[in-house]
Amino acid sequence: MNIVRNNYLMKLADEALNDGGVTIFRPDGGIPDSYNGQIAALGVSIAMNGLCPALASYYTDSDTRAVNRRPVLEIIARMINADRETNEVFQQIVDAGSLLRKAVSLSNHVEAVRILQQEVIDCSIALKQVVRTYNLV
C-alpha cells in the first residue's frame, strides 16, 4: 500500500468512526485501549489463520474480552463500501455480516479472496493509525 492510498483509507476510517452508525467511542469521547490492540491484531490473525477464520473470530462476541470486536469489522465494512477504488462486488459489503458472508462466498475464488484479504488488511492498518490519534483510555 502506498502513501496516497493509505492517506485515502485513513480519511475513510475517520469518517466511518465518526458517522454515528457504529461506534467504539466511550461516553467520555475516548476509545478503549483494548480496541487499539484488537485492530492491530486483525492483520496478524488474517495472515496466520486466513481471511474467513479471522473474520468469524472477530464477528463472534465473547464474554472473555474487554471489548466486543464486531464493531471493528463494522467499521472496516463501511470503509470498503465507501472505497470507490475497490471492486464493484466489494461495494456490496455494508456491515460485518455482509463482509463475512462475502468472504465465505468467495472461498473458492483464490484471486478474489486475495484481493478482499488485502483490502481488509489495508483498511485495518489505516483504522489502527486513525484510532491512535484519539484518546485511548
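These legends describe close-up views of a predicted model.

**View 1. Salt bridges in the structure.** The structure contains six salt bridges.

**View 2. K11 and E15 pair within helix α1.** The side chains of K11 and E15 form a salt bridge. The N to O distance is 3.2 Å. Why can these two residues face each other along helix α1? Helix α1 covers residues 3-18, and K11 and E15 sit four residues apart in it, so about one helical turn separates them.

**View 3. R26 and D28 join through their side chains.** A salt bridge links the side chains of D28 and R26. Here the N to O distance is 3.3 Å. D28 has a relative accessibility of 52%, so D28 counts as exposed. The cut-off for that class is over 50%. R26 has a relative accessible area of 38%, which makes R26 partly exposed.

**View 4. E111 and R114 pair within helix α6.** E111 and R114 meet side chain to side chain in a salt bridge. The distance is 2.5 Å, N to O. Where do the two residues lie? Both belong to helix α6, which spans residues 110-131. They are three residues apart, about one turn of the helix. E111 has 45% relative accessibility and counts as partly exposed. R114 has 46% and also counts as partly exposed.

**View 5. N6 is a buried residue of helix α1.** N6 lies in helix α1. Is N6 buried or exposed? Its relative accessible area is 12%, so N6 is buried. The cut-off for buried is under 20%. Which residues does N6 contact, leaving aside its neighbours within four places in sequence? N6 is in contact with M1, I125, A126 and Q129.

Notes
Residues numbered from 1 in each chain as written. Predicted model: local features only at pLDDT ≥ 70, side-chain atom pairs only at ≥ 80, totals over all residues. Heavy atoms only, no water. Salt bridge = Lys/Arg side-chain N within 4 Å of Asp/Glu carboxyl O. Buried < 20%, exposed > 50% of the residue type's maximum accessible area, 1.4 Å probe, protein only. Contact = heavy atoms within 4.5 Å.
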